[in-house]
Amino acid sequence: MLLSFENVSLTIGTSGILADIDMTVAPGESVCLVGPSGCGKTSLLRLAAGVVEASSGTVNNRFGATGVVFQDPRLLPWHRTLENIALGLKSRGVGRRERLARARALASKVGLEDSHDCFPHELSGGMQQRVALARALAIEADILLLDEPFSALDVGLRAEGQDLVERLVVDQGMSALIVTHDLTEALRLAHRVVVVSGHPGRVVFEHCVGTPFHQRSPAWLYEQAGHLLRQEVVRKSFLFQRTSERMS
Amino acid sequence: MGGLIRGSLSWAGSLTGVLLFAAFWEWGSLVYGSFLLPGPRDAIGALVELAVDDQLWSAVWATTWRAMSGFALSALLGIVFGMLAGISGTAGRVLEPVSTVLLGIPPIAWIVLALLWFGSGSMAAIYTVAVTTVPVTFAGAQMGTRTLDPRLREMADVYRVSLRMRVWDFYLPHVVSYVFPALVTALGVAWKVTVMAELFATDDGVGAGMALTRVNLDTAGAMAWILVVVALLLMAEHGLLRPLQKKMEPWRQSAKPSGAV
C-alpha cells in the first residue's frame, strides 16, 4: 500500500497547476502539504483522490479505500447525521441496518452521539466537519486525504479537530495526506512536511519531523515553525503569500 | 399570542380582499342586470341547486379524476425527462426544442387533435392536460437537476457513488424543491385545460356542465361552475401539494433557531 506521485504535472487549459511532483505517502505515514494559497495543493489532493487525471506522469494510489474530507463539509442537506456518515457504506452496498450501526459507532468516536438525527443545518460548522470526517472513516479508509479541513473553523474548534486527526494518525497509525496553509498545524500532525510553491506548483522543500508526537508542545511548534521559516525557500514561498495577500 | 394576532390579521386581510371582490361583483350585477352578470347570491343559489339534484358531485368527481390523472402523468414524464435532460447535456439539447414546441401549441389545438385521435371521452381530456403541462414540469426538473452543487457532485465522485444512488440521494431530493413551484403552476393549468377539454369532448364533468349552461343561457349556472373550479383548484393546492411538500422536505423547515452550537 502506497500513494506515489512520479513526475506528475497537471495543466488545466493553458495554465500549469503542478509540475514535476515526486512524492510518496507510505503506510502509516502522515504527510502535510503546506504552501501559499493557489499553489496547487488542493489539485494535488484531487489527483490523489482520483477525481482529476494527471496531464503527465503517474499517480499511483495503492491504498484500498481512500477517505476524503474537503474544506467545506459537503454533507447532503436532506440527510440526517447518521445517513450522511453512512453515505460511503451505502454506495458500497452495505445493508441499512449494518451501515447505520457502524455510523452510530463512528458518531460516538467523533463526539456526535447526541446529534444522530440532526440535519446538517442544525449542526455547527465544527460538528458538520466532524460528520464529514466520520464519513471518510466509515469506509474503513486506509488513507485520509484532508483538504484544510479546519481552516474555516475558529481557534477552539480547530484545535478540537486537530486533536481528532492526531489521535487517528498517532494512535491508529492511519496514513494521511493533509493540506494546510498553517505551518504549526503541519508540524503538529505530520511525520513529514512538504512545501509546495510557485506557478506551476513544485515541491520546493521537504522536512522530516523526528520529534515524537507527544513531545510536540505549542512552544516547540512555534520554535520549529520559526526554524523552518529561516530556510530560504520556505521563507520565500510564505513571504510571497504575504505580499500577494496585501495586494489583493 | 403575537403570532395569533398576526395570523388573524393576515386572515382578515385576505378576507377583506375576497369581500371587496364580492362587493364589486354585486355592484356590477346591479348595474348590468342579473341576466348579463348574475350577482354572487344568484351564483350561490345556482350552486345549491346543482348540489341538490346531485349533478354537482358527479361532475366534480369526473373533472377531478381527469385533471389529476393528466397532472400525475405530466408530473411523472416531466420529472423523468427533465432529470435526464439535466444530467446529460446531449439529452438536454435533444429534449429542449421538443419542450419548446409543445409549449408553443395552444391547448385548444391539442383538444382538436385529441378529439380526432381518441374520440370524445375522458382520454381526450387527460391527454390534453398531460401534453400541455408537461413542458412546465420538465423545465422545473431540468433546472433543479442542473443546479445541484458541483461540490456535492465531486463528493459523489470521491465516494464512488453509483448512478442509481446519485439519482435517488443526490438529484431527486434537490430536484423536488425546484419542481414543486412548477407542479403548482401545472396543477392550475391542468384544471383549466380539463374544463376546456370537457366543454368539447365529454358529456359529464364541470366543462360539460358549463356547455349546458351556455345552451340554456343560464349565466348564473356558469358562474356557479366557475366557483366550483376555483374551489377545486384551491383545495388541490393547499390540501394536497403544500402538505406533500412539507412532508417531503423536513430538512427545510426543522430549523432550530441556533439550537446547536
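In what order do the elements of chain B run from the N terminus on? They run α-α-α-α-α-α-α-α-α-α-α, and the secondary structure of this chain comes to eleven helices and zero strands, where helices (H or I, at least four residues) and strands (E, at least two) are DSSP runs numbered from the N terminus.

Before I go on, a word on conventions. This is a predicted model, in which local features need pLDDT of at least 70 and side-chain atom pairs count only at pLDDT 80 or more, while totals for chains, interfaces and linings use all residues. Residues are numbered from 1 along each chain as its sequence is written, chains are lettered from A and ligands numbered from 1 in the order in which they are written, and side-chain values use heavy atoms, with hydrogens and water left out.

Staying with chain B, its C-alpha atoms fill a box of roughly 70 × 60 × 30 Å along the principal axes. Of its 261 residues, 41% count as buried, buried being under 20% relative accessible area, exposed over 50%, and partly exposed in between (1.4 Å probe, protein chains only).

On the surface of chain B, a nonpolar patch includes B:Phe24, B:Trp27 and B:Leu217, and the whole patch has about 890 Å² of accessible area. Patches are made of residues with over 30% relative accessible area and no salt bridge, like charges being joined within 9 Å and nonpolar side chains (Val, Leu, Ile, Met, Phe, Trp, Tyr) within 5 Å; the areas come from the Shrake-Rupley method with a 1.4 Å probe, and for residues only the protein chains shown count as cover. B:Trp27 is found in helix α1, residues 2-36, and is exposed, with a relative accessible area of 52%.

Now to the interface between the chains. Chain A and chain B bury about 2,300 Å² between them, 64% of it on carbon and sulfur atoms, buried area being the accessible area (1.4 Å probe) that two parts lose on being put together, summed over both. A:Arg74, A:Trp78 and A:Glu122 supply 28% of the area that chain A buries against chain B, more than any other three residues. The rule finds four salt bridges across this interface, a salt bridge being a side-chain nitrogen of Lys or Arg within 4 Å of a carboxyl oxygen of Asp or Glu. Separately, the side chains of B:Glu154 and A:Arg46 meet in a salt bridge with an N to O distance of 2.4 Å.
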